[in-house]
Each structure stands twice: as C-alpha cells, then as structure tokens.
Amino acid sequence: MSSLPYRAVLRLFKSNFLQRWLKRLSFTERADLLIKFWRSAERHQDVEGRFKLIQEAFNRQRMGTLSLVSSNEYGRAYGFFDLVGSLRGVEGDIVECGVGRGISFAYLVYAVALHKLDKTVYGFDSFAGFPPATAQDVGSRVKEANRPPEGWTETSPAMIKAIFDHDLPLRDSLIAAHPVNYKLIPGFFDQSLPGNLPPKIALLHADADMYPSTMAILTHGIPRMASGGVVIFDEYHEERWPGVRKAVEEVCVPKGLQVEYFEKMRRYGLRIP
Ligand SMILES: C[S@@+](CC[C@H](N)C(=O)[O-])C[C@H]1O[C@@H](n2cnc3c(N)ncnc32)[C@H](O)[C@@H]1O
C-alpha cells in the first residue's frame, strides 16, 4: 500500500467498499493502516505537505466508535508531531497520563521517531477505566459523584504494545529506523505516578477527563516539568468534563502559570517558564 501513489490511496479511501471494509478491521489492523500512512507520508519532503496528506486521509476515514482516526483527530496528530519536534532542546522525557486505547500515545512515540529524539515516552493509565467521580466532575457526561464513569475498560498495555510490535519488522518502519524507548505503567495515578515519573518532563499530556485524575497529574507532574516544557490538557475546553478546568485553575493559577491556546494542537495548555 505504501508504494501506491498517495492520491490513488486517498481516492480508494473515499469509496464505499473501502469504508465498509474499514469498519470490520480490528484496532490493530487500523493502527497498521495509520502507520502505513505515516510511512508513506514520510516520503514527502516538506513537513506541511506531509501533514496535509495525513489530514486528508483522516478526514476521509470516519471509522466509528473504535476508530483510530476520526475527523477531529488530524489536528491533534499534526499538533503532536509539530510540538514534539519543537521540544528537541528541552530537557526531559515525554509523559502521557490517560493512554486509553493508545491513539495519542502512538502519535507521541511516532513523533519521537520521526524527529529522532532521545526521549522516553511514558504512558500512565489504570487500563481498567476511571476512578470514582467527584462533585467537581458532575455535568452532562458524569451524572453522579462517588461512582466511576463508564468507559475505557477495554484496553491493556499488551494491546498498545501490539501497535508497535506489529510495525517494527516492517520495511521502512519509522520506529525500526529510530527505535523509541517507551514504558506503559498501569495503575491509578495517585499510586502509579509518584514512583514512576521520570525526573524531568519535557511534554506532559494530561488526557484523563476528570478532576481527581487531573489533580494527581498536576500535583506530581508540575514539579518535574523542565524549563521550556509544555503541558497539554485534552479536555480543558470540554464542558462535559468540567473537573479538568477546575483542577487546572486550582493548581496552576496560584503558581502563576498561564493557560494558553496551542493553535496547532487545538488544545489548551501551559508553557513552563
Ligand atoms: C480519554 S481516555 C485517553 C485517550 C487517549 N489519550 C487518546 O487520545 O487516545 C482517558 C483515560 O484516562 C484513564 N484515567 C482517567 N483517570 C485515571 C486515573 N486517576 N488513573 C489512571 N488512569 C486514569 C482512563 O482509564 C482512560 O483510559
């Protein structure tokens, strides 16, 4: 597939037959497809053009609830690739809190490979769903406190590892050309973060939806942020997850840290002075 001209691949993606076929693929098969797109796009010389092609591909796919790539994903993928590249000179590793089924974790690992950085990518998740909600989380998505919201139980470190294991032996694999050290650490953050975070963090991706989770991420993560490092909040702007903004305001405002909009990520975050 990666040897086909890119325009022809995109035309294929528009066809109904292919759309039906995509819906039957497993997560790993979809991951493989995305990886092939990356490898193929890699052949293009200019970075903007490369990501435009990926954006087009993402736009065409619309693969349903278990989708690896949906229409709003392309902005984030582009953002991660760009942001990780900009952190070359910043001390420390890359940390994601809230791995889920590994979509953004894969972006981070592939971005490190693409930019040939010497940074480890850490992924923290319970791999067993959310902790109990608090009163700060209650809104349109979370209806009651003291119970874990539904979702995100169908994942595991093995499932995430399979994305990369599958790609490693393939010809032209980005991560074979530049092996990336990554770690998946299971457990709820209040237990898993204290002993397992790296000493310095260049990029902290907070994607855990909830107040207690974001509080734990910020409490343990902010003191380890390197100067020039970046924290990205996946849900700061999301009304259905009100606990994220509350936690950010409680922890960051007193420290004088200003939340700003990261245009290419389409997300809010912090830049550490
Ligand atoms: C929205 S999903 C992450 C999606 C993923 N970053 C992506 O973009 O593909 C949120 C994840 O955070 C995890 N999570 C939330 N709170 C947590 C906590 N306190 N400790 C461990 N994991 C937590 C959930 O298990 C879930 O997998």
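1. Let's start with helix α9 (residues 189-196), which packs on α10 at an angle of about 15°, the two axes being 10 Å apart. Keep in mind that this is a predicted model. Angles under 35 degrees count as roughly parallel, so α9 gets that label relative to α10. As for hand, α9 crosses α10 in the right-handed sense.

2. Which residues make that contact? From α9 we have F189, D190, L193 and P194, and they meet S213, A216, I217 and H220 of α10. Sorted by class, the contact of α9 with α10 comes to five nonpolar, two polar and one charged residues.

3. Now for the other helix partner of interest. Helix α10 (residues 211-221) and helix α11 (residues 242-252) have axes that come within 8 Å of each other and cross at roughly 30°. That angle makes α10 roughly parallel to α11. The crossing of α10 and α11 is right-handed.

4. On the α10 side of this second contact sit Y211, T214, M215, L218 and T219. Facing them in α11 are G243, V244, K246, A247, V248, V251 and C252. The residues of the contact of α10 with α11 split into eight nonpolar, three polar and one charged.

5. On to the sheet. It is open, with seven strands ordered β3-β2-β1-β4-β5-β7-β6, and its pairing is mixed. Which strands stand at the edges? They are β3 (182-186) and β6 (259-262); each has a single partner strand, so one side of each has no neighbour in the sheet. From one strand to the next, the twist averages 20°.

6. Strand β4 (residues 201-206) and strand β5 (residues 225-233) run parallel and are joined by five bridges. Angles over 145 count as roughly antiparallel.

7. Another helix to look at against the sheet is α6 (residues 103-114). It lies across β1 (93-97), β2 (121-125), β3 and β4, and runs at about 170° to β1.

8. At the β6 end, β6 pairs with strand β7 (residues 267-271) in the antiparallel sense, over four bridges. E260 has G269 in β7 as its bridge partner. The two strands β6 and β7 form a hairpin with four residues between them. Worth a glance in the turn is R266, with a positive phi of about 55°.

9. Last, the ligand. How many residues surround it? There are 20, and the closest are G98, G100, I103, W152 and S213. The elements giving two or more residues to this shell are α6 and α10. By class, the shell around the ligand holds 10 nonpolar, six polar and four charged residues.

Definitions and conventions: Residues are numbered from 1 along each chain as its sequence is written. This is a predicted model: local features need pLDDT of at least 70, side-chain atom pairs count only at pLDDT 80 or more; totals for chains, interfaces and linings use all residues. Axes are lines fitted to C-alpha atoms, for helices over the stretch in contact, and angles run from 0 to 180 degrees between N-to-C directions. Angles under 35 degrees count as roughly parallel, over 145 as roughly antiparallel, 65 to 115 as roughly perpendicular and the rest as oblique. A crossing is left-handed if the near helix is turned anticlockwise from the far one by less than a right angle, and right-handed if clockwise. Two residues are in contact if their C-beta atoms, placed from the backbone, lie within 7 Å. Ala, Val, Leu, Ile, Met, Phe, Trp, Tyr, Cys and Pro count as nonpolar, Asp, Glu, Lys and Arg as charged, and the others, Gly among them, as polar. Two strands pair if DSSP finds at least two bridges between them. A residue is near a molecule or strand if its C-beta atom, placed from the backbone, lies within 6 Å of it.
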